[in-house]
Amino acid sequence: MLAFIVRRLWQTVLVLFGVSIIVFSLIHITPGDAVDVMFAGENVSAEQREVYRQQLGLDQPLVQQYFSYMFGVVQGDLGTSVRRGTSVSGIIASTVPATVELTLAALIVAIVIAIPVAVVSALRQGSVWDRGGSVLALFGISMPSFWLGIMLILIFSVGLQWFPASGRLAAGSGMTQITGFVVVDAVLQGNWAAARSGLLHIALPAITLGTAITATLSRVLRSGLLEVKGQDYVDALRARGLRFATVLRHMLRNALPATIIVMGVRIGSLLGGAIVVEVVFGWPGLGRLVVDAIQNRDFPLVQGAVLVLAFLFVLVNLVTDIVQAWLDPRIKLTGGGSR
Amino acid sequence: MTGIEKLYRFFGSSMFTMVALAVLILFVVVGVFAPWIAPSDPNAQDLAGRLQPPLSEGHLLGTDSLGRDVLSRLIYGSRISLIVGFSAVLLSAVIGVIVGLVSGYVGGWVDSLLMRIVDAWLAFPFLLLAIAIVAVLGRGLDNIVIALVITGWVLYARLVRGETLSLREREFVLSARGLGANPVAIMTKHILPNCLAPIMVVATLEVGVVIVTEASLSFLGLGASASEPSWGGMLADGRAYLTRAWWLATLPGLAIFVIVLAVNVLGDALRDALDPRHEKVRTENVPA
């Protein structure tokens with residue numbers, strides 16, 4: 001197990017190195033001078049532009065630029081935002097909890113819906129329920145998340161007025177930040193009104209982000225369950241007259257490894273999907289930060305945010321592979337996860 | 001047996017799939033013949049007739065905030081989705097297939113290097129990479145296609161490499177090599193034809209992914225252009241009028257949903273028809 005983790009960590013280091021090169025290159029594939037592009041059509045003097053060029057290190061040789069950028073990155077210094085004048089890492093740190101909170105909430109939505117759907121579909125294979133589940137999954141995968149989000153806003157915020165359409169928390173809830181997760185902080189402080197407001201705010205974004213992954217998860221878990229359903233040990237458990245819940249628990253445990261691989265991959269795609277969902281719901285996370293930074297042509301901030309998102313993505317993949325190897329010992333012997 | 005009957009059998013005698021195919025063909029026809037089909041100029045403004053609801057006189061699907069005909073804009077908008085969808089998928093497939101063939105066939109350090117590059121690529125949520133690329137390249141149809149190709153080729157590279165690795169040890173390849181055929185001929189004449197089926201399945205499903213990604217970019221204000229109607233852009237504009245004009249955000253999204261649904265149904269049917277080992281393809285597809 002340890003050898004596997006070490007090998008996987010080494011791979012991760014290589015991947016992060018590649019990621020850093022791609023992110024670093026972004027500013028250099030700009031057609032024309034990066035500073036001129038950033039301040040196109042703005043009243044910024046030539047001297048001022050020169051200062052920015054020096055600040056961004058654009059006047060140095062390329063290789064040196066890369067190493068000084070990476071030297072900063074390793075120390076947690078991602079440069080300075082050209083629009084806000086504050087440190088990029090500080091800005092990013094203030095938005096990460098919102099994105100993580102949204103992603104976790106979407107995952108919970110997916111698990112809560114997908115498990116019962118998968119169990120019913122697998123146990124009643126070919127039934128109306130099963131076919132209904134397939135059609136719904138297909139719909140879930142095909143639905144663009146920004147459209148789903150807007151439709152939910154239209155129905156539940158504009159029409160029924162059950163949920164707020166944007167933001168994380170109603171104004172004036174009197175909260176101090178502890179973990180950065182609104183709902184957790186509110187509960188820790190016993191502020192029930194704020195907790196309720198936080199839950200109401202996160203409901204629609206979480207459902208929107210969770211829909212596509214719910215569809216994938218329920219399908220994968222269904223085929224996993226179908227595979228174990230016909231196996232001898234299941235018949236044996238049944239024959240011993242064990243309760244249905246017990247048999248199901250054994251089946252779920254064996255159907256889980258394949259499901260977790262797909263889940264890991266999908267958590268990664270959740271981070272990408274979060275960009276759009278955050279914009280739709282005005283959710284103050286990392287995704288919306290990227291889009292804002294792009295609209296303001298704040299390249300250092302774009303670079304930093306992209307790097308952090310990619311880093312989170314790689315981290316999730318790493319954890320998935322290790323969990324998967326832990327659940328399924330065969331992988332350690334054959335080596336290299338799903339790669 | 002007529003052509004349609006053959007097609008019906010090919011797709012496992014599924015009416016659902018035939019409907020999906022018909023929907024896709026309909027979209028293509030509408031896109032190609034947009035100037036003849038659209039009831040009016042998609043950019044003609046009529047400020048007196050702003051925000052007319054669907055079924056109003058002269059505007060079957062209503063008008064937007066500048067009084068432009070929504071149906072005409074939807075019809076013209078299909079062009080961008082289709083052009084981007086098909087060209088980005090085709091180009092990424094070509095690049096990915098070449099990389100995959102070389103990587104799998106040549107092997108050794110070339111394979112290791114190419115696969116490490118692929119790994120680094122897969123370390124990005126692809127939407128994020130596409131956004132970042134369009135952000136630095138600037139808006140425009142060509143830049144969107146470039147961004148989608150840069151993000152899309154890895155999928156095919158991985159798939160084709162995997163297929164090539166197993167095909168290159170097969171007798172027909174070994175005998176071709178023994179007879180002294182040159183490597184390029186072996187790759188293109190012997191290996192490539194044998195991995196076309198999974199490539200086609202993935203490419204079909206990718207058309208849907210690419211269309212949604214293009215719409216997402218337009219929605220985020222990184223679309224082709226502000227003047228040309230695109231579904232994502234229409235949706236973004238419509239957001240500002242949710243309380244007054246529900247149809248502005250609803251209809252373009254519905255169009256995207258229907259076309260992507262059709263593509264996905266078709267992709268699944270293709271997989272069932274062409275590739276009996278589809279579980280394998282699916283796991284190889286997953287960027288873990």
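Student: What percentage of the contacts in chain B between residues at least 6 apart in sequence join residues at least 24 apart?

Tutor: The share is 70%. Two residues are in contact if their C-beta atoms, placed from the backbone, lie within 7 Å. In chain A, residues 24 or more positions apart account for 69% of the contacts with a separation of 6 or more.

Student: What kind of model is this, and how are names assigned?

Tutor: This is a predicted model: local features need pLDDT of at least 70, side-chain atom pairs count only at pLDDT 80 or more, and totals for chains, interfaces and linings use all residues. Residues are numbered from 1 along each chain as its sequence is written, while chains are lettered from A and ligands numbered from 1 in the order in which they are written.

Student: How many helices and strands does each chain have?

Tutor: Chain B has 13 helices and zero strands. Chain A has 14 helices and zero strands. Helices are DSSP runs of H or I with at least four residues, strands are runs of E with at least two, and both are numbered from the N terminus.

Student: What box do the C-alpha atoms of chain B fill?

Tutor: Along the principal axes, the box is roughly 75 × 55 × 30 Å. The C-alpha trace of chain A spans about 85 × 55 × 40 Å along its own principal axes.

Student: Why is Gln161(A) called exposed?

Tutor: Count the C-beta atoms. A residue is buried if 20 or more other C-beta atoms lie within 10 Å of its own, exposed if 12 or fewer, and partly exposed in between; C-beta atoms are placed from the backbone. Gln161(A) has 9 within 10 Å, so it is exposed. Gln161(A) lies in the loop between α7 (145-159) and α8 (182-188) of chain A. Its phi is positive, about 55°, although it is not a glycine.

Student: What makes Met115(B) partly exposed?

Tutor: Met115(B) has 18 other C-beta atoms within 10 Å, so it falls in the in-between class. Met115(B) sits in helix α5 of chain B. From Ala44(B) it is 71 residues away in sequence and 51 Å away in space, C-alpha to C-alpha.

Student: How much of each chain counts as buried?

Tutor: For chain B, 49% of its 288 residues. For chain A, 42% of its 339 residues.

Student: Why are α11(B) and α12(B) called roughly antiparallel?

Tutor: Their axes cross at roughly 155° and come within 7 Å. Axes are lines fitted to C-alpha atoms, for helices over the stretch in contact, and angles run from 0 to 180 degrees between N-to-C directions. Angles under 35 degrees count as roughly parallel, over 145 as roughly antiparallel, 65 to 115 as roughly perpendicular and the rest as oblique. The α11(B) and α12(B) pair is therefore roughly antiparallel.

Student: What is the handedness of that crossing of α11(B) and α12(B)?

Tutor: The crossing is left-handed. That label applies if the near helix is turned anticlockwise from the far one by less than a right angle; clockwise gives right-handed.

Student: How do the residues in the contact of α11(B) with α12(B) divide?

Tutor: Trp231(B) and Met234(B) are among those in α11(B) that meet residues of α12(B), including Leu248(B) and Ala249(B). The contact has eight nonpolar, two polar and two charged residues. Ala, Val, Leu, Ile, Met, Phe, Trp, Tyr, Cys and Pro count as nonpolar, Asp, Glu, Lys and Arg as charged, and the others, Gly among them, as polar.

Student: What makes α8(B) roughly antiparallel to α9(B)?

Tutor: The axes of α8(B) (171-178) and α9(B) (183-191) come within 11 Å and cross at roughly 150°. That angle makes α8(B) roughly antiparallel to α9(B). The crossing is right-handed.

Student: Which residues touch the most other members of the largest nonpolar core?

Tutor: Val290(A), Ala305(A) and Ile131(B) do, in a core of 170 residues. A nonpolar core is a set of buried Ala, Val, Leu, Ile, Met, Phe, Trp, Tyr and Cys residues joined through C-beta atoms within 7 Å. Leaving aside neighbours within four places in sequence, the contacts of Ile131(B) include Val290(A) and Leu217(B).

Student: How many residues does each chain give to the contact between chain B and chain A?

Tutor: Chain B gives 41 residues and chain A gives 49. The largest share of the side of chain B, 10 residues, comes from α12(B). That side divides into 29 nonpolar, nine polar and three charged residues.
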